[in-house]
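Let's walk through this model together, from the overall layout down to the sheet, the ligand and the domain contacts. Please keep the sequence and the 3D view open as you read.

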Amino acid sequence: MSATATRSAGPVSLPSHETYLKGLTPVLTATDVSIDYLVDPPVHAVKNVSLTLHRGEILGLAGESGCGKSTLAYGLNRLLKPPADLASGAVTFHDESGTDIDVLGLSGESLRVFRWDKISMVFQGAMNSLNPVISVKRQLLDVFTTHRPGMPRKQMLAEARELLRMVGVDPNRLDSFAHELSGGMRQRVMIAMALALRPQVMIMDEPTTALDVVVQRGILREIMRLREQFGFAVVFITHDLPLLLEISDRIAVMLQGEIVELNTAADLYERPQHEYTRRLLASFPSLTGDRGAFIRTGETEGVA
Ligand SMILES: Nc1ncnc2c1ncn2[C@@H]1O[C@H](COP(=O)(O)OP(=O)(O)OP(=O)(O)O)[C@@H](O)[C@H]1O
């Protein structure tokens, strides 16, 4: 444990945010989470953050580089490594079975099972974490042999093919090796792996940033479609605020480790409440153009 961060008033939200929340079911709740990097001097990267993600929603995390987005995301999925220290707070996963899981209390085997199965993560460099000397097939099947040891091999293979199809990669690519695939394809394979166990939550930290715009769009379209199909919730992190406005149901704006505004994407764009949100919006000239062009309509076709 280290020094606790100063408590703030919490994010500013409009009354319409309350209305939005009606009828939604929480899937992941963070309460008063503080995360420090125990370096000299210590960095208070996340300060008393409370946030609820609901079933099927896309929650965007916005904020400038270094504000703590990735640290929070890694904390939610217990992927922090020293010198990061989750100093205080609670993270609860509300499983579809009705059981609540104390995420911070998990360790060893239970933590291993929880990750990928309940929450999976796709990050910016994910495509580079494919093993270069093992075929795509082996890597996809490994997910099943590890987490679904009872599954017949024939079914594993069928699932692996289906997963590739879902993310827009020709299933004949199963026998390929990472170096034989383009960056976009590799990132799609990583998304397929993250989807393999049908998690209830996916955390996506700049999942397409390294890719060119056309490939990015294609992948995002797939993610939106799959979300409609499987109903998983997404925490989506990107520097690309116009994109975030387009795909998110709600957006949390982070500033220096705190969430300063939490509103629906439409409200955030139309009626930004916090001075920092206004500055952030103003820093994207494209957003000052035809208003409304970036707002989700509730239709997946919104992602052009
Ligand atoms: N390993 C580390 N050791 C010390 N400080 C760190 C470490 N990793 C991150 N930090 C600090 O923690 C703070 C939050 O960083 P974090 O990477 O979470 O921000 P971010 O909003 O995700 O930024 P980016 O958008 O650039 O990824 C920053 O001040 C950063 O310098």
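What follows is a short tour of the fold.

This is a predicted model, in which local features need pLDDT of at least 70, side-chain atom pairs count only at pLDDT 80 or more, and totals for chains, interfaces and linings use all residues. Residues are numbered from 1 along each chain as its sequence is written.

An unreviewed UniProt entry assigns "domain: ABC transporter" to residues 28–281; UniProt positions are given in the numbering used here, feature names are shortened, and annotations may be inferred rather than shown by experiment. Over residues 28–281 the chain is 37% helix and 27% strand, with its end C-alpha atoms 28 Å apart. Helices (H or I, at least four residues) and strands (E, at least two) are DSSP runs, numbered from the N terminus.

Now look for the open sheet, whose six strands run in the order β6-β7-β8-β3-β9-β10 with mixed pairing; two strands pair if DSSP finds at least two bridges between them. At the edges sit β6 (119–123) and β10 (258–264), each pairing on one side only. β6 pairs with β7 (residues 201–205) in the parallel sense over five bridges, and there valine 122 stands opposite methionine 204 in β7. Helix α2 (residues 69–76) packs on the sheet, touching β3 (58–62), β7, β8 (233–237) and β9 (250–255), and its direction makes about 150 degrees with that of β8. Contact here means C-beta atoms, placed from the backbone, within 7 Å; axes are lines fitted to C-alpha atoms, for helices over the stretch in contact, and angles run from 0 to 180 degrees between N-to-C directions.

Which element gives the largest share of the shell around the ligand? That is α2, with three residues. The shell holds 13 residues, the closest being Tyr37, Ala45, Ser65, Ser70 and Thr71; a residue counts as near if its C-beta atom, placed from the backbone, lies within 6 Å of the molecule.

Finally, step back to the domains, whose bounds come from an automatic or database domain assignment. Domain 1 takes in 1–118 + 201–287, and domain 2 takes in 128–198. Their C-alpha centres lie 27 Å apart, and 14 residues of domain 1 are in contact with 14 residues of domain 2. On the domain 1 side, α3 (108–117) and α7 (213–230) each supply at least two residues, with α7 giving the most, seven residues.

Conventions
Contact = placed C-beta atoms within 7 Å.
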